[in-house]
Amino acid sequence: MSIGVALPSGDTANAVNIVDELVTQTSQAADAGLTSVWFSQRMEHDAITVAALAGRAVPGIAVGTGVVPIYPRHPLLIAGLAQTAQAATGGRFVLGLGTGAKNWLEPAYGIEYPPPIKHLREYLTILRQVFDGDEVDFQGETVQAHAKGFAASLSVAGSSDIPVIVAAMGRQALRVTGELADGTIPFLAGPKALSDLIVPEITKAATGRPAPRIIAMVPVVVTDKPDEFRATVDRQYSFFRDIPSYRAIFDVQGVDSAGELVIAGDEETVAAELQRYFDAGATEVVATQSGTQSSEERLRTWRVLGDLAKR
């Protein structure tokens, strides 16, 4: 099994230096036997920078972003950051992107939020041109990039092929992702949503290309208090009910809230629930929120997940 974890995982509120703490936790994940660590992008620390630092400090484990919103960051900026991270980590970096949520991002940045599917297609088109070493001269409706004659200046020495993963769950986003990216990294998409919608839709769109990666992100904790963990996740993520893409994926799964998708309980329960995701077509599973209740539970959970990843 390919099993990773998402950071921050819920137990960094008292960190004196968040970068030091996340690098330490990346080392703990590697020691536990996990295959990857994914850094979320919010409004504070920069996820690509932390992934580069953590991946350079901790050998042998893949690092990625889960995920960086493409709005309002220009694709040429992200391309440079991603290539720098890939060079820093010796080829172990994965660029995870997402369209973001208009109701959060537009008020925060004060810039008009573009049509998300069109913007995703144009954004990925520019990234592909940069990463493929092509001339970049693109005039889209939502974004433009003109660096014709300067292809060499857009490359970073020491970088290599960068996998691009998109947090795609809706049919249109999955089609664009299947055509232009390397896989999807949906959050809170249960096994039924994977098998009935996400896997077939992106696989069809990727016809003629390598099979897409399906990286399922889900809250996971090995705990003696599973109901408390579910209630906490439900409370923290109640707002997802009001985001159309999440509301739609909840409906496909037949649930009403994030708490119903939590994997929590003893070692056997967690192992069985994770297997359902792989059976549904996930190529990888990423455990999120493992430290919500305590660092002790996070480490206990990671040891169990690491043992499963070694099977």
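1. Is Leu 188 buried or exposed in this structure? Leu 188 is buried, because its relative accessible area is 2%, and buried here means under 20% relative accessible area, whereas exposed means over 50% and partly exposed lies in between (1.4 Å probe, protein chains only). Leu 188 sits in the loop between β9 (183–184) and α7, where helices (H or I, at least four residues) and strands (E, at least two) are DSSP runs numbered from the N terminus. The phi angle of Leu 188 is near 65°, a positive value in a residue other than glycine.

2. A word on the basis of these remarks comes next. This is a predicted model, in which local features need pLDDT of at least 70 and side-chain atom pairs count only at pLDDT 80 or more, while totals for chains, interfaces and linings use all residues. Residues are numbered from 1 along each chain as its sequence is written, and side-chain values use heavy atoms, with hydrogens and water left out.

3. Most residues other than glycine have a negative phi, and most peptide bonds are trans. Gln 289, although not a glycine, has a positive phi of about 60°, and this residue lies in the loop between β12 and α11. Gln 289 counts as buried because its relative accessibility is 10%. The side chains of Gln 289 and Tyr 237 are joined by a polar contact of 2.4 Å; such a contact is a pair of N or O atoms within 3.5 Å, where within protein one must be able to donate a hydrogen and the other to accept it, and residues adjacent in sequence count only if both atoms are side-chain atoms. Not counting residues up to four places away in sequence, Gln 289 touches Ser 9, Phe 187, Pro 219, Val 220, Phe 229 and Tyr 237, contact meaning heavy atoms within 4.5 Å.

4. The bond from Gly 66 to Val 67 is cis, with omega near 0°, and Val 67 is found in the loop between β3 (62–65) and β4 (68–69). The bond from Tyr 71 to Pro 72 is also cis, with omega near -5°, and Pro 72 belongs to the loop between β4 and α3.

5. Two packed helices are described by the angle between their axes and the distance between the axes. The axes of helix α2 (residues 47–57) and α3 come within 8 Å and cross at roughly 10°, and therefore α2 is roughly parallel to α3. On the α2 side the contact is made by Ile 48, Ala 51, Ala 52, Gly 55 and Arg 56, and on the α3 side by Ile 78, Leu 81, Ala 82, Ala 85, Ala 87, Ala 88 and Thr 89. By class, these residues divide into nine nonpolar, two polar and one charged. The axes are lines fitted to C-alpha atoms, for helices over the stretch in contact, with angles running from 0 to 180 degrees between N-to-C directions; angles under 35 degrees count as roughly parallel, over 145 as roughly antiparallel, 65 to 115 as roughly perpendicular and the rest as oblique. As for the classes, Ala, Val, Leu, Ile, Met, Phe, Trp, Tyr, Cys and Pro count as nonpolar, Asp, Glu, Lys and Arg as charged, and the others, Gly among them, as polar.

6. Thr 89 lies in helix α3 (residues 75–89) and counts as buried, because its relative accessibility is 2%. A polar atom of the Thr 89 side chain lies 3.4 Å from the backbone oxygen of Gln 86. Leaving out residues up to four places away in sequence, Thr 89 touches Ala 51, Ala 52, Gly 55, Arg 56 and Val 63.

7. The axes of helix α7 (residues 191–205) and helix α9 (residues 244–253) come within 8 Å and cross at roughly 100°, so α7 is roughly perpendicular to α9. Here Pro 191, Lys 192, Ala 193, Leu 197 and Ile 198 of α7 meet Ile 249, Val 252 and Gln 253 of α9.

8. Val 19, in helix α1, is partly exposed, with a relative accessible area of 26%. Val 19 and Leu 53 are 34 residues apart in sequence and 8.3 Å apart in space, C-alpha to C-alpha.

9. The buried residues of α11, including Trp 302 and Leu 305, pack against β1 (3–7), α1 (18–32), β10 (213–222), α10 (267–279) and β12 (284–288).
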